[in-house]
Amino acid sequence: METNHNREELIDLYLLDKLSSQARKDFEEEMLKNDDLRKEVEVMQRILIGFEHKGETEAIHAMRTMPEEQVKSIIANAENEYKPKVNRIGLYSVIAGIAASIALLLYIGFKPKYSSEELYNDFYVPFAYEYIPSRGGILNGEEEHLLEQAISGYNQERYAEALALLDSITKNIHPEQVPEEVMFYTALSMAETGKENSAVEKLESIASSNDSEFKEDAQWNLALLYLKLGERNKSSTILRVIIDSKDNPYAGDAGRLLDKLNTKKWF
């Protein structure tokens, strides 16, 4: 171990079980003589165990089954790009810089296995709904007819036409009196015509209402819309709510989507 860099590399390789039998024996003999080295290895072992407890065993296994030269290359790249440029003197300086070793090996540069766009395309299906007139009691006969046309247009993927019809219904209605069918399909049509942020606001309102018949549908479509916008964390939060909701019809799909969202592409 001629330099600090070699020492750190050896520790990483030792913990990942990538040293040859003789090199491992030499390293363990050195630990018996060098308290600072032994303590540093113990610190790194605790970090490794911590990652395993957090469910990163797949990444650790991947590192352990790689050729030694590939592991060394990953270590070098991680240290060159991310490690703080500090002089590591003594154990506590070493600990201060440990993010450049196993932590970086397990996290830095890892990317989700599935892109947001890919997952959105896999799980999104336009909402199918057959309108029953006079559900809310707010709309007059002409407005009822417009809503029926709008939903028919939406179901036939004529989203801009559907949105125009829905807008013509709401222009003379107080926002708090807009029937939930109108608000829901307005949100879906907005999402399909490049007005995603406005769609999010409406879906959030419906999803937060305990009285809405469209609450569960709004939650699912909101999770997908966040995904479309690249808001993976927000999407995950909604998906967990769906999964935790009793008898939610979207719970199965939400679970499968969340699993894919959390799947990483190791190395």
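**Aromatic rings, pair by pair**

Reader: Is Phe27 buried or exposed?

Author: Keep in mind that this is a predicted model. The relative accessible area of Phe27 comes out at 4%.

Reader: What kind of pair do Tyr14 and Phe27 form?

Author: Their centres are 4.7 Å apart, with 35 degrees between the planes. Stacked needs under 30 degrees and edge-to-face over 60, so this pair is tilted.

Reader: Which helices does that pair link?

Author: Tyr14 and Phe27 are 13 residues apart, and the pair links distant parts of the chain. Tyr14 belongs to residues 4-15 and Phe27 to residues 21-33, which are helix α1 and helix α2.

Reader: And Tyr14, buried or exposed?

Author: Its relative accessible area is 9%. With buried set at under 20%, Tyr14 is buried.

Reader: What about Tyr154 and Tyr185: stacked or edge-to-face?

Author: The ring centres sit 5.1 Å apart and the planes meet at 80 degrees. Over 60 degrees is the cut-off here, so the pair is edge-to-face.

Reader: How many residues apart in sequence are the parts it ties together?

Author: Tyr154 is in helix α9 and Tyr185 in helix α11. The pair therefore ties together parts whose separation in sequence is 31 residues.

Key:
Residues are numbered from 1 along each chain as its sequence is written. This is a predicted model: local features need pLDDT of at least 70, side-chain atom pairs count only at pLDDT 80 or more; totals for chains, interfaces and linings use all residues. Side-chain values use heavy atoms; hydrogens and water are left out. Rings of Phe, Tyr and Trp (its six-membered ring) pair if their centres lie within 6.5 Å; planes under 30 degrees apart count as stacked, over 60 as edge-to-face and the rest as tilted. Helices (H or I, at least four residues) and strands (E, at least two) are DSSP runs, numbered from the N terminus. Buried means under 20% relative accessible area, exposed over 50%, partly exposed in between (1.4 Å probe, protein chains only).
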